[in-house]
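Open the model in your viewer and keep the selection panel at hand. The tour goes chain by chain, then residue by residue.

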Amino acid sequence: VTLQQQIRRNRLRSSIVIVGFVVLLGVVAGLIGAALDLRLGVVALLGAGLYAIFAMISSRAMVARMTHAVELDPDQLRPLRRLVENVSIAAGLPMTPEVRIVDDPSPNAFAAGLRPQTSYLGVTTGLLRVMPKRELEAVLGHEISHVRNRDTYLMTMATIFAGVIALIADIGFRMLLYGGGRSRRGGGALVAVLAVVGLLLAPYAALLLRMSLSRRREFLADAGSAELLNDPEAMALALRRLQLDTTTVAYADASVAHLWVESPTSRVESERRGVLALSSLFDTHPPLEARITALEESGGFRLPEQLPSDEPFAAEVGLV
Amino acid sequence: VIWLWIVLGVVVLLLVLAGLGYNRLVRLRNEADTGWSNIDVQLQRRTDLIPNLVEAVRGYAAHERGVFEEVTKARTALQQASTPGAAGEANDMLTAALGRLFAVAEAYPDLKASENFLRLQDELTDTEDKISAARRYYNSTVMHYNNGIQSLPWVLVARLLGFREKEYFSAEGDTALPQVSFTPAT
């Protein structure tokens, strides 16, 4: 399977998931309409649409606020900007995304923005201090792949949809419980029960849709980075280095978790949740080991036991 | 009457398919053209840097005439190259000539320490990195475009419609397609 085919399949899957979201939203609105009042259903649908549009417009600034990513003096960032430029050129992006810095010792990076033209990358100072140039470039390649594959767009939409669905399902559920469903027609009780169950489950369905989307994308972005730089081993080395690191990002809001190259939330927490067989369904990222193995298999190499002890990028170029 | 409708339906379906396929080829061709202009921008930047670099070295090593001539010749060849293939060859020539120029510069510590020279060297390295990045993108777009016009049924009509195969831009003699080659790069 070539990368191009993989991207095409992935885009098809994405459209299916988006359709799934729309259907789910319709079901939630329909349940509210059927159990409470038809007009309420319409209002919920309209409200959800308005909210989604507002969220889309403000998403760029919102992500920056949530991740604490700041723009730095262009001169200071020049060597890093160059790397991003090169990777963007190799990906054929119409323009180079901005680079923002998150002052955090944990090595991680993310991509945000709805369109390639308005995208930006966030890179932690920890990443620059830990990764040698070759591996840093691979991580940037991973993020640029997200931008190129329109993952950032899709994930932003998915987050918004999941949020909207959770919100109106919650409102509908409360109204049903406390306001009481009107049983004007026959079988009203059945409709009400169906609505309660449906509204309870809808947010989880939305969450599942969102997660399934993001985890596939991580594999694809790893492969994309390997292709852009013609160096699958660099990506695998970078992932191994992330695996050996135990720190986590301080401002890791769960709602932006899917943006990062490595899941930014506490690993202790995921291990605790690991007791539940279902928990991996709700992880935003596949395990790093699985991602490394995927790269090793497609690249036909084995990672060495010992990581190369090249100088980290920050030290090499005198950055931060 | 029903046969008429079936025939009509099939014709419409074929027309839609043909339209989609044609649009795809146009898109692939545009991508390859964009890919080429990305390379062109960087090649232009590279040729623009050369005169300053030659002047900077000449200030310290005026007698190394042969090297300067070689660099200037390669630069002219690159400017005059009209196809991606020719440009790739000229670009390799320029790389080789610049290698010799920098080898000459090694012998002059004052030159190597001069800020102007360091800046030019840095810019050139950056440009070379960008050329190789742009090459990876361009070659992959060319591969997809060429595959597109060489596969059925387009191979029969591509020439009539003005779709011509494009040349790869190869450097350092590597003609490997930029598919994930999956060889460890160490």
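Select chain A and look at its contacts (heavy atoms within 4.5 Å). Among those between residues at least 6 apart in sequence, 76% join residues at least 24 apart. This is a predicted model, where local features need pLDDT of at least 70, side-chain atom pairs count only at pLDDT 80 or more, and totals for chains, interfaces and linings use all residues. Residues are numbered from 1 along each chain as written, chains are lettered from A and ligands numbered from 1 in the order written, and side-chain values use heavy atoms, with hydrogens and water left out.

Stay on chain A and colour by secondary structure. Chain A has 11 helices and four strands; these are DSSP runs, helices being H or I of at least four residues and strands E of at least two, numbered from the N terminus. Now switch to burial. Of the 320 residues in chain A, 49% are buried. Buried means under 20% relative accessible area, exposed over 50%, and partly exposed in between (1.4 Å probe, protein chains only).

Next, select residues 109-112 of chain A, strand E3. Which way do the side chains point? Ala109(A) and Ala111(A) point one way, Phe110(A) and Ala112(A) the other, and all are buried. In a regular strand the side chains alternate between the two faces of the sheet.

Pick Ala109(A): its bridge partner in E4(A) is Val123(A).

Move to chain B. Expect six helices and zero strands. Chain B has a radius of gyration of 24 Å, well over the 16 Å that the globule rule gives for 186 residues, so chain B is more spread out than a compact globule. The radius is taken over C-alpha atoms; the rule is 2.2 Å times the number of residues to the power 0.38. Along its principal axes, the C-alpha trace spans about 90 × 35 × 25 Å. Buried residues make up 36% of chain B.

Last stop: Leu160(B), in the segment after helix H6 (154-157) of chain B. Buried or exposed? Leu160(B) counts as exposed, at 75% relative accessibility. Draw a C-alpha to C-alpha distance to Ala81(B): 27 Å in space, 79 residues apart in sequence.

Definitions and conventions: Pairing = 2+ DSSP bridges.
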